[in-house]
Amino acid sequence: MKVKVISRSVDEFTRERSQDLQRVFRNYDPGLRPQEKAVEYVRALNAVKLDKIFARPFIGALDGHIDAISCMAKNPSQLKGIFSGSMDGDIRLWDLASRQTVCQFPGHQGAVRGLAASTDGRILVSCGTDACIRLWNVPITSLMESDDSTKSTVEPASVYVWKNAFWGVDHQWDGELFATVGAQVDIWNHNRSQPINSFEWGTDTVISVRFNPGEPNLLATSASDRSINLYDLRMASPVRKMIMMTKTNSICWNPMEPINFTAANEDGNCYSYDTRKLDEAKCVHKDHVSAVMDIDYSPTGREFVTGSYDRTVRLFQYNGGHSKEIYHTKRMQRVFCVKFSGDGSYVISGSDDTNLRIWKAKASEQLGVILPRERKKHDYHEAVKKRYKHLPEVNRITRHRHLPRPIFKASALMRVMADAKRRKEDKRKAHSAPGSITTQPLRRRRIIKEVE
Amino acid sequence: MGKNEENDALTKNKPSTEKDILSELELKMKKYLRGESANLEGLKDKKLKGQLAIKEQLYGKSAQAAAKAEKWLMPSEGGYLEAEGLEKTWRIKQETIAQEVDISSSRKQYDIILPELGPYTLDFTSSGRYMAVGGRKGHLGIVDMINLSLIRELQVRETVRDVVFLHNELFFAAAQKKYSYIYNREGTELHCLKEHGPVLRLQFLKNHFLLATLNKFGQLRYQDVTMGSMAGSFKTGLGRTDVMQVNPFNGVVSLGHSGGTVTMWKPTSSAPLVKMLCHQGPVSALAFHSNGHLMATAGKDKKVKLWDLRKFEVLQTLPGHANTLDFSQKGLLACGNGSLVQVLRDVSGTQNYSRYMTHSMVKGYQVGKLIFRPYEDVLGIGHSTGWSSILIPGAGEPNFDSWVANPFETSKQRREKEIRALLDKLPPETIMLDPSKIGTVKPKREKPTKEEKEAEIEAAVEAAKGMKLKNKTKGRNKSGKRVQKKQDAVTRVKRPYLEQKIQEEENLSRKKQKTSEGVELPKSLQRFARKKPSS
């Protein structure tokens, strides 16, 4: 007879001294854990609910300007620096970490309309309605200075006066050219008081400009004649023009796929385009109930932030039709400019109420140093959430957002209007000769024509 | 030369051992893969196909990691009992086993004789560390099984019918004469569960924190022990019974009734999920294998049956009475009857149970409750004169998981686990016959094809033809009448199918008419079209 029975001595399975760690034994046999899937589902549900509880995206407001913020610029060489210009002509450099003004530039006579920093972060270009371009040397901040409460002021490095009021400026990536827009598109050099090149297409004012991050000679502008233009600095004339039904307020290139750009439109939608195929939008991003004023891509290229006249900031997936996040506070007024921080983890918005606001890019993200065990737990939660995201309860909780009453009402109204329109179209189609009425998808519908 | 030969032998041996290791790993991986991988052949969406393929790869990797961990990191091996020569395992006595095993194991064999307060019923915590005992005459106690010390005992001075531990050893519930009560480890009465009435059997659903009770009037009640709310209360309508068992695989509560039926219940439906006739006489005991596919029932018709719960079919019928049944973690089945305890084993892995061990108690003892101690090779026996414990090698899972059930749990770990268990508490809706259905897509019901329909009609006609007619009184039993009756039955069976067919045809023709008209006239003018004289 051979016999063996399970026999465990207490010493082998418990720690020897009280300073030791508790001994842990694992057995991954699925038979020991009945109803795994139900447990995972409950965990996914709990994770989603926890996300809701921890969703505190607002970090702080940067107070200092005495008029509405009109434009902002990131400092490409520094993570925590951001420039802001206001309607009274004031320009400030902020330190995001300490939420303080590092430097106050004397600025312009009228409103500051455009701000751009060179890629090395040394020079700031500003332009305004006073038809002036000012170049500033950006003070190199050290820890000592940022602690110092006395703000240093600087003089502009150079001032170029031009004929018309400016609407925007953008600096070339990895070059020393910058473009200003207003009555026409002008290309400037740092060292010359005259534009080295000028483009004009139509008579209307150009309102925004963005250089392509991949191809430094390519730039996109939008004008108040509802057009979006593409220019190549190596050519004498503009490359392409596309006219939409409503004006585009701002444009941003996708930094990871620089052939694509997204346009923030006056009709409350954003349209993502492929430069090679301008007859159809790649994606229409709906949700804002009023004009979208500004747009900025995350450095990852997977999401972008928009600021709107409806007093909200929204975050979209680069290919998502609806926003995944909405940020609003009672005190925030019309949002005129938004920026993603250089590391993609914060969003900065500037609004009519003279404040800059810092938000988290992921509303429920835990800030600060995360222990490895916490990190593991977060990863597990992400995994179960991803696995069960299609289940109705999980989906409902993740999608739900509390909206301010005016926006809730406006979006309901817009939905009603869209439904009525669709119904009418359907009926018209049904009562007409077959084939006589064709409907175009929304991706094409808002485009009037494309000119080459 | 000798060295060379050795080298040759080594090179020959090496690949075979590697192969062995690989095949062994593959065998072990099977358990962790949790079923076959999805068939991606028919998928047209390339993106989805790629994503799913990556997922399948991940599952494979994790299964492999788990199999490797099992192979190298698990400290203990399972127990066994092997006969040599002419010996038979079922002739080996407990005394001989006690002589062969180590001292600490042989100490697990004992008889506690308390003739005044019996018969006794037992329950273990999920880690097998603590045991609750309940004597019929009001004796309740909690025993720490590692150092065999009595933690607390109390005398409630009324009939105790059942005891059960709640989620940990701090709380236990006892079904007493009029009401059932929840006590804590110190013996303080915490709650009196008046709503449940005079309860005969108690069961605790660990994942759901539900206490299921079955009372004298055949009512099944579920109470959430965290919030105290009643999760369900149902009348079985099948009379008084005290046979009740939870299926640990899916949380479905099964009851065995005096009519020979077994019903399965969940807290969210007032009708049983399953009602199966298992025995000719009353059902006397029920047990579930932890894999959820196997159920053992015993009836007063002197039969013990093993059922496949996927098909609800009998796998095996064994002769013999059993008052109580229990499956161990490794799948041994213990049957108790009178003073005899028999343990059956599935030798070949084909669910063909045969005798493994027997143990006869002192004559006159009546075995009332058999329960295997989790993670140990021990069978607890509650009988009319106390309780006993015997060694059954190969019964328990040799390796415990510290985060699932830890016999050596400290109080801090217990507290942490309690919180975790509460966070993972499952809602009662997750109790269903197949718990792996959660998170899957409901399959689309396809329309039956023409052949299937025809086959269905044919089967129904055959059934009608094969129907046996009752013998009627004189004059009504003529062969002519019998033939007529059969024909009537056939037409009656055919009728609904024919009606359905006619309906479908009508619908189709109507649709055709519509489309043909639609082509001729625009929709706006259709209302002026002359209507055809319809039948």
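**Ground rules.** I count residues from 1 along each chain as its sequence is written, and I letter chains from A and number ligands from 1 in the order in which they are written. Since this is a predicted model, I keep in mind that local features need pLDDT of at least 70 and side-chain atom pairs count only at pLDDT 80 or more, while totals for chains, interfaces and linings use all residues.

**Entry: chain B as a whole.** I found 8 helices and 29 strands in chain B. Helices (H or I, at least four residues) and strands (E, at least two) are DSSP runs, numbered from the N terminus. I looked up the radius of gyration of chain B, which is 31 Å, well over the 24 Å that the globule rule gives for 535 residues, so chain B is more spread out than a compact globule. That radius is taken over C-alpha atoms, and the rule is 2.2 Å times the number of residues to the power 0.38. Along its principal axes, the C-alpha trace of chain B spans about 100 × 85 × 55 Å. I also noted that 34% of the 535 residues of chain B count as buried. A residue is buried if 20 or more other C-beta atoms lie within 10 Å of its own, exposed if 12 or fewer, and partly exposed in between, with C-beta atoms placed from the backbone.

**Entry: where the chains meet.** I see 59 residues of chain B in contact with 36 residues of chain A. Contact requires C-beta atoms, placed from the backbone, within 7 Å. On the side of chain B that touches chain A, H2(B) gives the largest share, 4 residues. The residues on that side of chain B divide into 26 nonpolar, 20 polar and 13 charged. Here Ala, Val, Leu, Ile, Met, Phe, Trp, Tyr, Cys and Pro count as nonpolar, Asp, Glu, Lys and Arg as charged, and the others, Gly among them, as polar. I was pleased to find strand S1 (residues 2-4) of chain A pairing with S1(B) in the antiparallel sense over 3 bridges. Strands pair if DSSP finds at least two bridges between them. The bridge partner of A:Lys4 in S1(B) is B:Tyr80.

**Entry: a covered strand in chain A.** How many residues of strand S25 (residues 303-308) of chain A are buried? I count 6 of 6. On one side A:Glu303, A:Val305 and A:Gly307 are buried, and on the other A:Phe304, A:Thr306 and A:Ser308 are. Strand S24 (residues 292-297) of chain A runs antiparallel to S25(A), joined by 5 bridges, and A:Tyr297 has A:Phe304 as its bridge partner. In the hairpin of S24(A) and S25(A), I noticed that A:Gly301 takes a positive phi near 75 degrees. S25(A) also pairs with strand S26 (residues 313-317) of chain A, antiparallel over 5 bridges. There A:Thr306 is partnered with A:Arg314.

**Entry: a strand in chain B.** Next I turned to strand S8 (residues 171-176) of chain B, where 5 of the 6 residues are buried, so S8(B) is largely enclosed by the rest of the structure. Strand S7 (residues 160-165) of chain B is joined to S8(B) by 5 bridges and runs antiparallel to S8(B). B:Val160 stands opposite B:Gln176. S8(B) pairs with strand S9 (residues 180-184) of chain B in the antiparallel sense over 5 bridges, and a hairpin of 3 residues joins S8(B) to S9(B).

Note on methods. Two residues are in contact if their C-beta atoms, placed from the backbone, lie within 7 Å.
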